[in-house]
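My notes follow the order in which I looked.

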Amino acid sequence: MSALLEIKGLTKHYGDYAALDHVNLDVESGAVFGLLGPNGAGKTTLLRIINSILVKDEGSVSIDGREACLDVTSKLIGYMPEERGLYGKMRVDEQIMYFGRLRGASKEVLMKNMHEYMGIFNISDNDRHRKVEELSKGNQQKVQIISTLVHDPKLVILDEPFSGFDPINGQLLQDLITRLREKGATVILSSHNMPAIEEMCSHIGLINKGKLLLSGKLADIKETHRTGLLSLTTASALHEGMLMDSGLVKSVKKADTVVRPGTFSYEIMPLPGVSNNDILSNISIQANILGFGEILPTLSDLFLQYTTQATPQ
């Protein structure tokens, strides 16, 4: 699949501070891409340069094969920044139409899309005619998202989109992103909501201190970071010392969570060269095995691993 967004050698300094340090990143067309990093990592600077809001020092940004500039980004990108930008005194429908017209879309397209998205987000006709400042924070967030999407952008960039949403509205947003992907849009999500990113994103990029430390398909990244740690669920308690004496495992400990009441959960690290079958045969002597499998790192695990280590070189 070809890249819709291509970033090469992107660098941005604020005085002596490198907010971005020769970042190279491709986002495939049709992907849902999670952009991760701690506060101050360079994510916002990167997104603002992609949107032609900030000027880069070095490198290049191209979108759909064209060099990024205001004329290109205004039509191809829908960008919702973390710092929201609605006009409180303006009516909801007028505001959405206004932002859509700024992006070059026709009135017919905007009206159609506005009604569709308002239906998805359960915004009533009454709310549609109210001033933005009269809405709840959650509904203001919905209006911000609709204003971002109303012109049918090829690339949708949402910075902390779950902020201000309760779980119900968060699920509506997840459903909407799935809908956008099915329509062929490419989506970049920048968020600290790790479970949502892990559930929704096919690809991720992790940035810290201006450097891109990790990028690619999430499944491939997890595969390359596997540790060999195993998960075991049994119907009765194990004799942990007996398992350690078997010479098959490096460690065994009770898991922090239990799969279901009345069962026993363990995390096991095999010794090098030991097969899973050998471990299962030994354990089956002690207890009835209900579940067994490898524990792959979570997105939170990877985030902590890369953002708490020494400054990247």
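The entries below run from the whole chain down to single residues.

**Ground rules.** I am working with a predicted model, where local features need pLDDT of at least 70, side-chain atom pairs count only at pLDDT 80 or more, and totals for chains, interfaces and linings use all residues. I number residues from 1 along each chain as its sequence is written, and side-chain values use heavy atoms, with hydrogens and water left out.

**Whole chain.** I find 12 helices and 14 strands in the protein chain. These are DSSP runs numbered from the N terminus: H or I of at least four residues for helices, E of at least two for strands. The C-alpha atoms fill a box of roughly 75 × 50 × 35 Å along the principal axes. I looked up burial next: 45% of the 313 residues count as buried. Buried means under 20% relative accessible area, with a 1.4 Å probe and protein chains only. For contacts I use heavy atoms within 4.5 Å. Among contacts between residues at least 6 apart in sequence, 69% join residues at least 24 apart.

**Cores.** A nonpolar core here is a set of buried Ala, Val, Leu, Ile, Met, Phe, Trp, Tyr and Cys residues joined through side-chain atoms within 4.5 Å. The largest one has 47 residues, and L176 and L189 touch the most other members. I checked L176, setting aside neighbours within four places in sequence: it contacts Y117, I120, F121, I145 and L149. Another core lies apart from the largest one and has 26 residues, including A41, L46, V72 and I207.

**Helix α7.** I traced α7, which has 16 residues. From first C-alpha to last it reaches 23 Å, close to the 22 Å expected at 1.5 Å a residue. That expectation is 1.5 Å times one less than the number of residues. Its buried residues are N169, G170, L172, L173, Q174, L176, I177 and L180. They pack against β3 (32–36), α4 (107–120), α6 (137–149), β7, β8 (186–190) and α8 (194–200).

**Positive phi.** Which residue sits in the loop between β7 (155–159) and α7 (167–182)? I noted E160 there. E160 is not a glycine, yet its phi is positive, near 50°. I also checked cover: E160 is buried, with a relative accessible area of 12%. S52 is not a glycine either, and its phi is positive at about 65°. I place S52 in the loop between α1 (43–50) and β4 (58–63).

How values were computed. Buried means under 20% relative accessible area, exposed over 50%, partly exposed in between (1.4 Å probe, protein chains only).
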